[in-house]
Amino acid sequence: MSGIDRATALALYRVMRTIRAFEERATQLFGENKIWGTIHSYAGEEAIAAGVCAHLRDEDWITSTHRGHGHCIAKGADLGKMFAELLGRETGYCRGRGGSMHIADTSKGNLGANGIVGGGIPIATGAALTAKQLGTDQVAVSVFGDGAVKQGTFHESLNLAAIWKLPAVYVCENNQYAESLPVKRAFAVDDIAKRAEGYGMPGMHVDGRDVRAVHAAAGEAVTRARAGKGPTFIVADSYRHEGHYYGDPRKYQTKDEIEGWRKQFDPIADARAWIIAAKLASAADLDAIDREIAAEIDRSVAWADQGPLASPIKLPEDVYASD
Amino acid sequence: MQATEARAPAATREMFYNEALGDALRLEMERDERVIVIGEDIAEHGGAFQVTAGLLDKFGPTRIRQTPISEIGIVGAAVGAALTGLRPVVELMYVDFAGLAMDQIVNQAAQNRFMFGGQARVPMVLRTQGGSGRGNAAQHSKSLEAWFAHIAGLKLVMPSTPADAKGLLTAAVRDNNPVIFLEHKLLYRTKGQVPEGEHLVPLGKADVKREGTDLTIVTWSREVLFSLDAAAKLAEDGIAAEVVDVRTLVPLDRETILGSVRKTHRLLVVHEAIKRGGYGAEIAAMVAEEAFDDLDAPPRRLAGLETPIPYAQHLETTVVPQVDDIVRVAKELVA
Ligand SMILES: Cc1ncc(C[n+]2csc(CCOP(=O)(O)OP(=O)(O)O)c2C)c(N)n1
Ligand SMILES: [Mg+2]
């Protein structure tokens, strides 16, 4: 029914599976004290990054969040360079200066993850302004959490994008929590997507578990943006399987909730079931993809681990462009 | 093409400081279509201080892009635009509003290059104005350069004359880093000779605005004008003050300052901003570290009192250094 062909279905599945496998390995490496600082797992939310980025070209831009590994992968990043960044290597995307919360891959239009909640929203808006100003058909997508919707940047940016009819798509990943604050206690409206109306842009509310639904909504929004018809706000409901960060004691959630939702909100299991039922691929086909991804993760970590440690800070050139 | 030919000194024309800034914007916008100006009331109105007057007619509403009152949205959009191929110049109406945009200035614009390992450039200018002297009171009169000087990744410019305003703004627009460009509300209607056509003053070069041998006054923005008046008065009493206009606070031209102090052996730093934590402390400390043995007296700072700027006219002048204050402290220093 979704009109998704085999190639697209498998591509979506591959991206989702890769994100999950990346997060599982990153979590393991963190547990082994190989990763410094903090990481925020995207497990459970894979359908959103996969479904949205499937419509984007390398020249299109995204801005991402502290929970950004998934967006980065879906936008085409090299896993080895991502692991190298987490391991603090010179070969990492940001030469060990950024870490998990600050991975950018400008070669693929990823303008960067952001440690400031809501910090990427105006930046994507500015990228969309560039496209409009230079008359290209590029699109800018800002992905952010439910927490960011309550920031001033959200309000100012959506208004600017609407009055200027910018080719922007705003995607809220509503994973039910902003750190420990449940969405129910943070919004007095039942449907966050309704906010779009106040800005004069379409709002869409989709099941973020269902990659087909995300893919369809994002497809519409990206097409609108590319056609010069202005921005869209999408809210995708979801659930993060892990704590807010690695090691989060999750005192604000019950065990029952976590276990129940984890089972209920598994976009990868859902995608498998759909793909097999729709006879787009067999379980064996999907298992083969899983094995390829596992091998790629192994290779990427091994490559990253061989990389030299990040070089000493050089001033002023690390901080200031000289050309 | 012309660079190798000997050039006659550029013709100059008398301009107001705000006109000179507008002239720089016009020339840069003609030269490079990626340069756009965004900000509040910059279109038909010409900007709160008439810097962009006339530019709307020349460049139209997409390049002179007037925005709603959304400081963080505007500055953030400029960051995004700069990252993706434009060269935006933001006009922020008052520096006192910078707090509203500070995250995009500090965490985004300034740190982007470093944090992402040098993948991107942020060629944007944030023009704004500060300073007291117009009865605008506490929320529209501050001098906040120290805030920006403390952030790695920003350049910081504070021109005092129309010619410098034009030349430094031109350089700022062409720079591939985020540049904070702080004008002074009482300088906009000061006049001076300004080179016509392209005029570049490189960032990071101080300017000795008056030569002298008895003490060095290091200063910037409107206090340069006060310091020059003070130097003229000091000369009547036989004291030769050298006035160094820093012009670019970051990067700082240490050589010019140190060279001057090594000649005069005395340092007075003058600025309008509050003394505590002010940029004058940085300069005094730098000189103490680098040229202690050359000093015949401890470095002195003359700066704003630790108070919000008051409204009443007779009070306003009591909280920031005036010409007579500079004369008095300079005399103490050479005594
Ligand atoms: C401006 C700002 N405030 C607070 C924080 C601390 N913080 C980091 S993530 C987070 C929750 C964000 O929630 P949400 O936007 O829903 O994203 P999620 O973590 O659920 O993906 C908070 C409060 C921050 N990084 N930035
Ligand atoms: Mg959330």
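Predicted model: local features only at pLDDT ≥ 70, side-chain atom pairs only at ≥ 80, totals over all residues.

User: Why is A:R250 called buried?

Analyst: Buried means under 20% relative accessible area, and A:R250 is called buried because its relative accessibility is 10%.

User: What makes the phi of A:R250 worth a remark?

Analyst: Most residues other than glycine have a negative phi. A:R250, although it is not a glycine, has a positive phi of about 55°.

User: How do you know that A:H241 is buried, and which residues does A:H241 touch?

Analyst: The relative accessible area of A:H241 is 5%, and the cut-off for buried is under 20%, so A:H241 counts as buried. A:H241 is found in the loop between strand 7 (232-237) and helix 10 (255-264) of chain A. Leaving aside residues up to four places away in sequence, its contacts include A:R20, A:A43, A:G44, A:R250 and A:D266.

User: What does the side chain of A:H241 reach at 2.7 Å, and what makes this a polar contact?

Analyst: The side chain of A:H241 reaches the backbone oxygen of A:F265 at 2.7 Å, and a polar contact requires a pair of N or O atoms within 3.5 Å, one able to donate a hydrogen and the other to accept it.

User: Why is B:H265 called partly exposed?

Analyst: Buried means under 20%, exposed means over 50%, and partly exposed is what lies in between; B:H265 is called partly exposed because its relative accessibility is 27%. B:H265 is found in the loop between helix 9 and strand 13 (267-274) of chain B, and just after helix 9 this residue takes a positive phi of about 70°.

User: Which residues are buried in helix 9 of chain B, and why are they said to line one face of the helix?

Analyst: In helix 9 of chain B the buried residues are B:I257, B:L258, B:S260, B:V261 and B:T264. Seen down the helix axis, these buried residues fall within an arc of 160°, so they line one face of the helix. Among the elements that cover them are strand 10 (215-219), strand 11 (241-245), strand 13 and helix 10 (279-291) of chain B.

Note on methods:
Residues numbered from 1 in each chain as written. Chains lettered and ligands numbered in written order. Heavy atoms only, no water. Helix = DSSP H or I, 4+ residues; strand = E, 2+ residues; numbered from the N terminus. Buried < 20%, exposed > 50% of the residue type's maximum accessible area, 1.4 Å probe, protein only. Contact = heavy atoms within 4.5 Å. Arc of directions from axis to C-beta.
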